Amino acid sequence: MRHPKRFLPPMTALRALESFERTGNVTETGHEIGVSQSAVSRQLKVLEDYLGTSLFLRDRKSITLTPAARDYCTQIRSALDKIGTASLRLKANPGGGQLNIAMLPAFGVRWLAPRLPDFVAQHPEVTVNLSTRLRPFDFATEPFHGAVHFGERDWADVCYLELMREYVVPVASPKRAAARKGDALSDLFQLPLLHLDTRPDAWEKWARLLGHPLQSPVGMLFDQFASMIQAALHDMGAALVPTFLIERELEEGRLIALWPESSVSIGTYYFVWPKDDIDYHPRNMFVDWLSNARDTGLGID
């Protein structure tokens, strides 16, 4: 079977098609890719000949893409974007490796970011690129060398480095806290409960670990801890939040802990990476550094 890469058309022809599909104009396409109108037309014809199929509907006044050609453009645009991004990263760091990390927003800001300058100082030859991902994904379809994962060891075909167990505490604004009728858990659960959409059962898990069953409480839903914490600060309800995210708010009295801190954890943060790609040197250095940062508390006052 012939390798798919042997079917790759000329890059200039692909760029011409992608640009024409967006602009619908040969002149504008020529400006984008730096060639004349006639050169654009030639490249589009080259692509048709290479693929052995008609890509355009032509009449005396206009030229438009066929439906199949539009679908083709959608697919190649993603590939061209990836090539462009990879080229930009190489230009930014021609002497070292790239390290593409997917991180959870809150953990990345509060735990990883304060520590990361130390890694950059130790390994200036490595360019670290951080992207936020709220949900698990497939390493085979995303260009990441590693990711921060929360929960259990339930991600298939990856290596794990445990970073930190997470402990949570229910909190609310002083106004909401004062509205409770008593100090029992049942009184806490009468408050409006705020939820994170990636952890829809967090309140239930926490209550169950304390020996108090709680059946599917309803309430406002948020996509990130940052917005949920802001909602709690503005009297909108009680939020179940990792303690490391709200230390300052608790210290300043802007949030009130509604239950004593517990040694019960509902999950762990891990750094994970593909098992079938264990010899990538920049990531190996990062994993070694992460182990030290975790054990020494590096970067945290």
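Which residues do ring pairs link into a cluster? They are Phe107, Trp111, Phe150, Phe244 and Tyr269.

## Ground rules

What you have here is a predicted model, where local features need pLDDT of at least 70, side-chain atom pairs count only at pLDDT 80 or more, and totals for chains, interfaces and linings use all residues. Residues are numbered from 1 along each chain as its sequence is written, and side-chain values use heavy atoms, with hydrogens and water left out.

Helices (H or I, at least four residues) and strands (E, at least two) are DSSP runs, numbered from the N terminus.

## Aromatic rings

Back to the rings. The structure holds 19 aromatic pairs. Rings of Phe, Tyr and Trp (its six-membered ring) pair if their centres lie within 6.5 Å; planes under 30 degrees apart count as stacked, over 60 as edge-to-face and the rest as tilted. One of the pairs is phenylalanine 107 with tryptophan 111, which is stacked, at 5.0 Å centre to centre with 15° between the planes. These two sit four residues apart in helix 5 (residues 105-122), so about one helical turn separates them. Phenylalanine 107 counts as buried because its relative accessibility is 1%, where buried means under 20% relative accessible area, exposed over 50% and partly exposed in between (1.4 Å probe, protein chains only). Tryptophan 111 is buried as well, at 5%.

Tryptophan 203 and tryptophan 206 make an edge-to-face pair, with 6.0 Å centre to centre and 85° between the planes. They lie three residues apart in helix 8 (residues 202-209), so again about one helical turn lies between them. Tryptophan 203 counts as buried, at 2% relative accessibility, and tryptophan 206 is buried with a relative accessible area of 2%.

## Arginines over rings

The charged end of arginine 115 sits over the ring of tryptophan 111, 4.0 Å from the ring centre. Arginine 199 does likewise with phenylalanine 150: its charged end sits over that ring, 3.6 Å from the centre. To count, NZ of Lys or CZ of Arg has to be within 6 Å of the ring centre and within 35 degrees of the ring normal.

Is strand 9 (residues 238-242) buried or exposed? Five of its five residues are buried, so strand 9 is largely enclosed by the rest of the structure. Ala238, Leu240 and Pro242 point one way, Ala239 and Val241 point the other way, and all are buried.

Strand 9 runs antiparallel to strand 6 (residues 158-172), joined by four bridges; two strands pair if DSSP finds at least two bridges between them. Here valine 169 has valine 241 of strand 9 as its bridge partner. Strand 7 (residues 193-196) runs parallel to strand 9, with two bridges. Leucine 193 partners alanine 238, and leucine 194 partners alanine 239.

## Strand 7

Strand 7 is buried on both faces: Leu193 and His195 point one way, Leu194 and Leu196 the other, and all are buried. Strand 7 also pairs with strand 8 (residues 221-222), in the parallel sense and over two bridges. In that pairing, histidine 195 stands opposite leucine 221.

Two packed helices are described by the angle between their axes and the distance between the axes. Axes are lines fitted to C-alpha atoms, for helices over the stretch in contact, and angles run from 0 to 180 degrees between N-to-C directions. The axes of helix 1 (residues 11-23) and helix 2 (residues 26-33) come within 9 Å and cross at roughly 130°. Helix 1 and helix 2 are therefore oblique to each other; angles under 35 degrees count as roughly parallel, over 145 as roughly antiparallel, 65 to 115 as roughly perpendicular and the rest as oblique.

Glutamate 48 lies in helix 3 (residues 37-51) and is buried, with a relative accessible area of 8%. Glutamate 48 and alanine 172 are 124 residues apart in sequence and 63 Å apart in space, C-alpha to C-alpha.
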